[in-house]
Amino acid sequence: MDLENARQSIESALLRMRALYLKPVFDEWMILDPAAKHGGVLAYVGPRVESFRPNLSTDVAPLRAMMEGRELNPGDFEFAQDAAGPRHDAIVKIGPKSFLVCNNTAKTMAELRADPQWLKAQAAFFELTEKFRADPLQSVN
């Protein structure tokens, strides 16, 4: 998959999740590739356009700690249950070296999962992860 198709797939899945959850699940997302130019950020959508970069390392720390020592394949994902506010809630490996990072800037994953609508929304999230498992994002430079 190329970057534009990856962006479209992510946006479509998040819109579907919002419709199923009856409110936004993730209001912020980015595609990261540590090997890519521009500090590794290939795409960003969210309310902190001007301020997310300086805090990126801190905000992704809970997810990074969960993944440490693990070998993830495209389509694999993790949720940080109690990553409040700007701390990122979900990560999906979407390519050999790239990741989708998602966040709800107002709620934690534990709070999102407490809503009965989460069961419906997670189906759309799972479909997105399977899409990247079948067709990973190709390296972008």
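The chain contains five helices and five strands, where helices (H or I, at least four residues) and strands (E, at least two) are DSSP runs numbered from the N terminus. This is a predicted model, in which local features need pLDDT of at least 70, side-chain atom pairs count only at pLDDT 80 or more, and totals for chains, interfaces and linings use all residues. Residues are numbered from 1 along each chain as its sequence is written, and side-chain values use heavy atoms, with hydrogens and water left out.

**Overall fold**
- Along the sequence, the elements follow the order α-β-β-α-α-β-β-β-α-α.
- The radius of gyration, 14 Å, is close to the 14 Å that the globule rule gives for 141 residues, so the chain is as compact as a globular protein of that length; the radius is taken over C-alpha atoms, and the rule is 2.2 Å times the number of residues to the power 0.38.

**Burial**
- Of the 141 residues, 47% are buried, that is, under 20% relative accessible area with a 1.4 Å probe, protein chains only.

**Nonpolar cores**
- The largest nonpolar core has 29 residues, of which Met 17, Phe 26 and Ile 31 touch the most other members; such a core is a set of buried Ala, Val, Leu, Ile, Met, Phe, Trp, Tyr and Cys residues joined through side-chain atoms within 4.5 Å.
- Elements giving two or more residues to this core include α1 (3–21), β1 (28–32) and α5 (118–134).
- A second, separate core of 15 residues includes Met 30, Val 41, Leu 63 and Leu 72.

Note on methods: Buried < 20%, exposed > 50% of the residue type's maximum accessible area, 1.4 Å probe, protein only.
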